[in-house]
Structure formats: C-alpha cells, structure tokens
Amino acid sequence: MTTENHNKIKIMEVPTVAAMAAAGKKPDIVFWVGCAGSFDERAKKITKAFIKILTQCDVSYAVLGTEESCTGDPAKRSGNEFLFQMQALTNIQVLNAYEVTRIVTACPHCFNTLKNEYPELGGNFEVIHHTQLLEQLLVQGKLVLQGGSYKGKKITYHDPCYLGRANQVYEAPRTLIKKLDAALVEMKNCKSKGLCCGAGGAQMFKEPEKGNKDINILRTEEALETKAEVIAAACPFCNTMLTDGIKNKEKSAEIPVKDIAEIIAEAQDL
Amino acid sequence: MSYLPNVLFGLLLVGAIVFFIKNLNRIRKNILLGRHIDRSDQKSERWKNMARIALGQSKMVRRPIAGILHIIVYVGFLFINIELLEIVLDGLLGTHRIFAPVLGGFYDFLIAAFEWFALGVLLTVIVFWSRRNVLRIQRFWKAEMNGWPKWDADLILYFEIVLMTLFLAMNAADYALQLRGAADYIVAGSFPISKFLVPLFETITTPNLMVLERTFWWMHIVGILGFLNYLYYSKHLHILLAFPNTYFANLKPKGSFANNPMVSKEVKLMLDPNADPYAAPADDTATDFKFGAADVTDLNWVQLLNAYTCTECGRCTSQCPANLTGKKLSPRKIMMDTRDRLTEVGMHLEKSKSPSINDGKQLLGDYITPEELWACTSCNACVEACPVDIDPLSIIMDMRQYLVMEQSAAPAALNNMMSNIENNGAPWPFNNQDRLKWNQN
Ligand code: SF4
Ligand code: SF4
C-alpha cells in the first residue's frame with residue numbers, strides 16, 4: 001500500500017485510543033472503523049482512504065482497535081434485541097471509560113446506531129458520518145479539493161438508507177462530489193426516494209427471499225441509466241451490493257463503485 | 001302532519017350520529033388494546049406535524065398529480081360541509097335556505113363557490129376512478145387489493161359522484177322553482193353550474209318539480225349520513241384518523257428504532273457484577289409478557305392507530321425494494337392485516353364478553369408470514385412515502401423480535417451472523433484480535 005505512494009505521508013501508523021490514553025493524551029475524535037471497515041477486503045480500502053485524508057488534514061483522531069466491537073445493528077435489525085443491547089452496553093462502557101465525546105464512522109449503520117440508539121442506553125456522543133466530517137474539513141479550509149482525475153467526470157451518488165432517509169444526511173456527500181468539479185448526475189430515485197441497495201436490515205448476511213430480481217440489481221440498473229462513469233457510495237455495504245451488481249452487468253472494467261472517501265483520496269493523489 | 005318531515009329528519013340525524021359514535025368507540029377500544037407508548041411529549045412539534053401533514057397535505061403532493069387531485073377533493077369536501085350545516089338546520093326547523101336572508105349577497109357567493117367545488121370534486125373523482133380502472137395504475141392492483149379493498153376504493157368514488165350529482169340536481173330543481181316563482185322557494189343563491197341543468201326540468205309541472213326537489217334534497221342528506229357511517233367499514237376513515245395519526249407519529253429520526261426496556265433491565269443485570277440474580281423481578285415482568293409482537297395486542301396503540309388510518313393508497317408498497325423485486329412483502333398489506341386482525345379481535349371480545357382473546361388465531365402466521373417479515377431491508381422507504389405518517393417498519397421489526405427472541409426462528413444464515421457477533425464481536429467469523437489488521441498488507 002505505502003510502496004505505491006512512496007513519497008507520501010506515512011499513513012499506516014494508526015493511533016489507538018488506548019495508546020494515546022497511556023501517553024496521557026486524548027484524540028479530538030474517535031474513528032469508529034466498524035466490522036466491514038475492519039474485516040471486509042473491499043471496505044478495508046475505504047478505511048485506508050479515509051485514514052489518509054484524516055492524516056493529511058491533521059485531524060487528531062484515534063481508533064479503538066481490538067477494543068471495538070460490533071455496534072449490534074445487524075442483531076437489532078434481525079430481531080435480537082438482547083444481543084444488540086449486550087453489544088451496545090459493552091461498547092458504551094469502553095467509550096465512556098475513555099471519555100469519548102466525538103465519533104466519526106464511515107459506516108451509516110454504525111453511525112445510526114451510535115447516534116440514535118446508544119443515548120438511551122447511556123452512550124451520549126456527538127456522532128458524525130465521514131462525509132459530514134469531510135465536509136466540515138472542507139469548510140474549515142483544512143481539506144482543499146481539486147478535481148484531479150475526477151474533474152468533469154459523471155458521478156452518480158447512491159444514498160445509503162441509514163444516512164439519507166434514516167438521518168436526513170443528503171447534502172454532505174453531494175457537496176463533496178460537486179467540489180471535485182465532477183458532474184453529479186442523479187438517479188431517478190434519489191435522496192428521500194432513494195432505492196435501497198438491498199443490504200440493510202441484516203439482509204447482507206442472508207439470502208434474499210424468493211422474488212423475481214435481486215434488489216442490488218434493480219438499483220444497479222438505475223445507476224447505469226444515468227450513464228455515469230463512476231458510482232459513488234457512502235456505505236461499505238452499499239458498496240458491496242453495487243459492486244456485485246456491476247459485476248453482474250459485466251461493467252466492472254468501465255464503471256467503478258467507489259466510496260466518497262476513496263474518490264477524494266484519489267483526487268488528492270494520496 | 002306538517003311536522004312529520006322535521007321529526008323524521010331529527011330521528012334520522014340522531015340515529016346516524018349515535019350509530020357512528022358507537023362505531024368510533026369500538027375503534028377507540030380496539031386501539032387501546034395496544035401496549036402503552038408515551039407520545040405526550042413535544043406537543044408543539046406534534047401540532048405542527050399535524051398541521052403540515054394532515055391539514056396541509058404536505059406529503060400528499062410529493063406525487064404532484066395525485067396530490068393536487070386529492071387536494072381538490074379534500075378542500076371541496078371541507079367547504080361543501082359548510083352547506084351541510086344549513087341543510088341540517090333546514091331539516092330540523094322546517095325552513096328553506098335559512099342562511100339566505102341572514103347572509104344576503106354573501107350567500108349567493110357561497111352557493112356559487114359550493115357549486116364550483118362540487119363540479120371540481122365530481123371531475124376529480126372521475127379522474128381518480130379512471131386512474132384505478134382505466135389506467136390501472138399498478139399500486140392499485142397488487143394482490144392485497146383483491147376483493148373488498150378494491151370494492152371499497154371504487155365505492156367511495158361512486159358515493160362521491162352520487163352525492164355531488166345530487167347536490168347539483170337539488171340546486172338545479174330549486175333554481176328552476178325560483179325562476180317559476182314557486183311558493184316557499186325564496187329567490188336566493190347563485191347557481192353557476194346547476195343552471196345548465198334547469199332546461200332538463202322544462203316539461204315537469206311545478207308540483208312535480210317540488211316533489212323532485214324534495215327527493216333530491218332528502219337523497220342528498222340521507223346519502224351523506226350513510227357515507228358518514230360507511231367510514232367505519234372503510235379505508236375512508238383516514239379523513240378523520242389522519243389527524244390524530246400525524247399528531248402521535250414518531251418524531252425521532254427514522255433510523256432510531258425503539259430499545260426494548262425489558263431487555264435493558266435484563267442486560268444491565270447481566271453486566272452488573274453487583275447485581276443480585278435472585279432479586280425479585282420487577283412488577284411489570286407480568287407472566288404473559290413476551291418480547292416482540294405475535295398478535296395485535298403485542299403492538300403499541302400508535303401502531304394500531306396507524307392500522308386504522310391506512311388509506312390503502314399503496315405509496316409505501318410502490319417504493320418498497322422488496323416488493324419491487326417480487327418478494328411477498330408489501331408494507332400496505334402489513335397495515336391492512338393488522339387492521340383486519342384487530343377488527344377480528346375486537347369483534348371476538350365483544351361477542352365472547354371475556355377479556356381473553358383466545359380465538360386460536362394471531363397476526364403472525366395467520367395473517368403475516370415470516371417470509372414477508374424477513375424480506376424487509378428496514379430501508380424506511382415505506383415510512384417516508386406514507387402520506388399520513390404510518391410506520392409499517394416498526395411492526396415488521398416487532399414481529400421479527402418475537403420470531404427471534406421467543407421462537408428462535410431466524411433464518412439459519414442470520415443465526416450464524418448472530419453467533420459470530422456473540423463469539424467474536426463481528427457478524428463474520430474473524431478474530432477480534434485482528435481488528436486492526438486492515439492496517440497491514
Ligand atoms: S422498510 Fe421494509 S417494508 Fe418498508 S419499504 Fe423498506 S423493505 Fe419495504
Ligand atoms: S401505510 Fe401509508 S402509504 Fe401505505 S397504503 Fe397505508 S396510507 Fe398508503
């Protein structure tokens with residue numbers, strides 16, 4: 001990874017909250033990597049891209065590393081409230097022990113759960129999605145976006161349900177794309193009417209019920225209708241679903257599915 | 001003898017209202033069979049929500065064509081109801097156009113406005129009918145609409161066509177009589193629409209025309225009272241319940257699913273090293289308590305109010321990714337099933353006169369199948385689409401909770417996922433110690 005960017009900042013030293021605490025320090029913000037971002041091969045790349053941007057923008061952050069555990073979102077959406085709350089309380093204990101106040105995550109499911117479902121259980125943090133942090137950095141002038149390789153490219157953006165409808169975050173990712181001087185093209189179902197990728201509600205972890213089509217294929221078709229050259233996602237699960245969809249349509253070579261963080265990192269040549 | 005019509009009218013009116021209130025009470029009772037949920041907070045936010053969504057129809061116009069058409073009928077309906085006040089007073093007091101002398105010139109304006117509204121409603125309703133039956137818009141023809149729901153939707157439209165036609169016919173006959181200077185027909189009102197019907201009555205003698213005018217008048221008011229009482233049996237109930245339903249709707253972000261407080265208690269106990277495992281359970285650990293929902297009485301009262309409010313418009317289903325890809329799940333059906341089961345439970349309770357609802361049936365299994373429930377992606381498209389703020393997703397999630405926590409009946413793949421979370425803190429079988437390994441390669 002670092003070898004291909006030999007002259008770039010060393011990005012692979014990722015501070016952990018524990019190590020910082022041992023040194024008597026506290027990060028401004030904790031990066032909640034999430035299970036997909038930690039273990040899924042495709043999503044790991046998103047994590048790395050985001051870390052590169054954080055490092056470049058000099059953000060004081062840290063990850064929990066092995067002290068992080070599933071937020072419990074897929075358990076709750078499957079109906080296992082017990083397992084969800086076990087996970088939640090364990091995570092809250094860890095976060096509270098480190099006196100964490102701000103959390104950023106690249107996964108809308110973690111984002112939603114931490115932000116909306118943890119407070120009642122004793123976990124009160126300011127939780128933001130990585131596209132929101134990137135937008136903040138942009139406003140603060142810490143992140144300077146130039147089109148780079150994305151200048152003039154047609155990009156369509158897929159709204160993750162748990163970012164869009166669930167939490168009304170529609171504009172942050174779009175602002176970022178527009179700042180790259182890319183041409184944002186909308187799908188026929190977008191924003192509050194955005195069509196699901198098919199992964200939510202724990203569908204990611206099971207076979208779909210009997211039907212006449214897979215949801216990710218339907219959504220991929222809508223994306224292809226826009227004639228976009230790049231499909232932008234903001235969720236590791238949407239990313240997987242759409243990547244599979246594009247593969248199914250045999251368009252992998254022409255139309256990449258990328259997270260907003262990856263697009264920005266690439267445009268910055270990080 | 002001359003008081004007979006007034007008495008008859010009074011009896012009819014009282015009878016219709018009593019019958020209607022009786023049925024409304026049934027609904028109230030059924031809704032209160034639901035579990036407690038507190039929606040007494042944020043009053044001003046709630047009023048605003050109601051004003052915006054129910055009164056202001058803000059979510060209706062997200063589909064501009066249907067939305068604007070609906071507003072024509074809705075506004076027309078509201079305004080023409082002002083005329084109803086006069087009709088009722090006339091009926092009770094034996095007067096004719098009682099407001100005319102009081103309102104003078106303004107009365108003419110009002111009657112003219114009502115006529116325009118009546119025409120607007122009439123034409124719109126015909127468009128609605130064509131959308132259902134000529135254009136056959138898909139969402140009106142899904143499986144759950146077969147039978148009564150389809151009939152119901154059309155019947156409402158026929159009702160409205162007949163009522164508006166009677167209103168105009170009544171005015172036309174009245175106007176014709178005014179022109180002839182018939183006794184008892186004061187010259188009042190302006191009839192921009194019905195005046196075109198007057199020539200139809202040319203050959204009818206004045207006494208016969210008077211009978212005809214009375215007939216239209218009576219049919220119109222009887223029709224309205226009939227329609228009022230039809231509401232209880234119909235999705236048209238939404239014209240009333242949309243208001244409380246939007247008032248009591250969930251105001252939290254849509255992604256925020258309720259945390260089950262019973263579970264919180266248990267989990268806290270488990271994680272607390274000082275907890276006394278033999279401590280007496282709290283009072284609310286009633287013996288018949290179950291996690292999640294298997295029947296309507298396990299749902300909360302707002303979910304039950306939702307079920308009665310559903311207009312069966314199918315906007316939810318037409319946005320549902322599962323339904324769009326041919327899965328059995330239809331959020332509209334979830335709401336219709338909930339309402340039908342609740343009505344059944346209510347009737348059973350009334351008949352058996354016992355507080356138990358053991359009729360050998362329940363919502364889960366007899367109405368809604370696990371296959372439907374497991375097809376949901378929890379995407380909230382249905383909730384977002386609903387013009388009256390109904391939340392089918394919360395019912396789906398409560399029923400999943402029952403399936404998993406009471407019956408351990410999750411699909412095998414989900415059980416795997418959950419045991420992974422339990423064992424290694426991730427939905428996949430990775431060692432938690434490797435969490436930072438993304439860092440290397
Ligand atoms: S939340 Fe479930 S029922 Fe509602 S639209 Fe999405 S998949 Fe369909
Ligand atoms: S739940 Fe709402 S959107 Fe769905 S059919 Fe009923 S009223 Fe229409």
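Which residues are the closest to ligand 1? Of the 13 residues that surround ligand 1, the closest are Cys320(B), Cys376(B), Thr377(B), Cys379(B) and Cys382(B), where a residue is near a molecule or strand if one of its heavy atoms lies within 4 Å of it.

## Basis of the values

This is a predicted model, in which local features need pLDDT of at least 70 and side-chain atom pairs count only at pLDDT 80 or more, while totals for chains, interfaces and linings use all residues. Residues are numbered from 1 along each chain as its sequence is written, chains are lettered from A and ligands numbered from 1 in the order in which they are written, and side-chain values use heavy atoms, with hydrogens and water left out.

## The two ligand shells

In the shell around ligand 1, helix H16 (381–385) and helix H17 (392–405) of chain B each supply at least two residues; helices (H or I, at least four residues) and strands (E, at least two) are DSSP runs, numbered from the N terminus. By class, this shell around ligand 1 holds ten nonpolar, three polar and no charged residues, with Ala, Val, Leu, Ile, Met, Phe, Trp, Tyr, Cys and Pro counted as nonpolar, Asp, Glu, Lys and Arg as charged, and the others, Gly among them, as polar.

Around ligand 2 there are 13 residues, of which Cys310(B), Cys313(B), Gly314(B), Cys316(B) and Cys386(B) come nearest. Two or more residues of that shell are given by each of helix H11 (315–319) and helix H13 (331–352) of chain B, and the shell around ligand 2 divides into eight nonpolar, two polar and three charged residues.

## Domains of chain B and the pocket between them

Chain B is assigned domain 1 (4–31 + 63–247) and domain 2 (261–424), the bounds coming from an automatic or database domain assignment. The centres of these two domains of chain B, taken over C-alpha atoms, are separated by 40 Å, and their contact (heavy atoms within 4.5 Å) takes 21 residues from domain 1 of chain B and 27 residues from domain 2 of chain B. The area buried between them is about 2,200 Å², of which carbon and sulfur atoms give 53%; buried area is the accessible area (1.4 Å probe) that two parts lose on being put together, summed over both. Ile31(B), Glu144(B) and Asn245(B) supply 29% of the area that domain 1 of chain B buries against domain 2 of chain B, more than any other three residues.

Because domain 1 and domain 2 of chain B both give residues to the lining of the second largest pocket, this pocket lies between them. Its volume is about 1,200 Å³, a volume being the space filled by probe spheres set on grid points that are joined across faces, edges and corners. On a 1 Å grid over the protein atoms alone, a pocket is an open set of points with protein on both sides within 12 Å along at least five of seven lines, a cavity is a set of points where a 1.4 Å probe fits but cannot get out, and lining residues have an atom within 4 Å of a point. The second largest pocket is lined by 50 residues, with Val73(B), Glu160(B), His236(B), His238(B) and Ile239(B) nearest its centre; the largest share of this lining, twelve residues, comes from H3(B), and the classes are 36 nonpolar, seven polar and seven charged.

For chain A the assignment gives domain 1 (3–135) and domain 2 (143–267), whose centres, taken over C-alpha atoms, are separated by 22 Å. In chain A, 28 residues of domain 1 are in contact with 30 residues of domain 2, and the two domains bury about 2,300 Å² between them, 71% of it on carbon and sulfur atoms. On the domain 1 side of chain A, Arg42(A), His109(A) and Thr131(A) lose the most area to domain 2, together 23% of what that side buries.

The largest cavity has a volume of about 160 Å³, and it lies between domain 1 and domain 2 of chain A because both give residues to its lining. Its 18 lining residues include Asp73(A), Pro74(A), His109(A), Phe205(A) and Phe237(A), which lie nearest its centre, and H2(A) gives the most to the lining, with three residues.

## The interface between the chains

The contact between the two chains takes 61 residues from chain B and 71 residues from chain A, and the area buried between chain B and chain A is about 5,700 Å², of which carbon and sulfur atoms give 63%. In chain B, Asn259(B), Arg435(B) and Trp438(B) lose the most area to chain A, together 16% of what that side buries.
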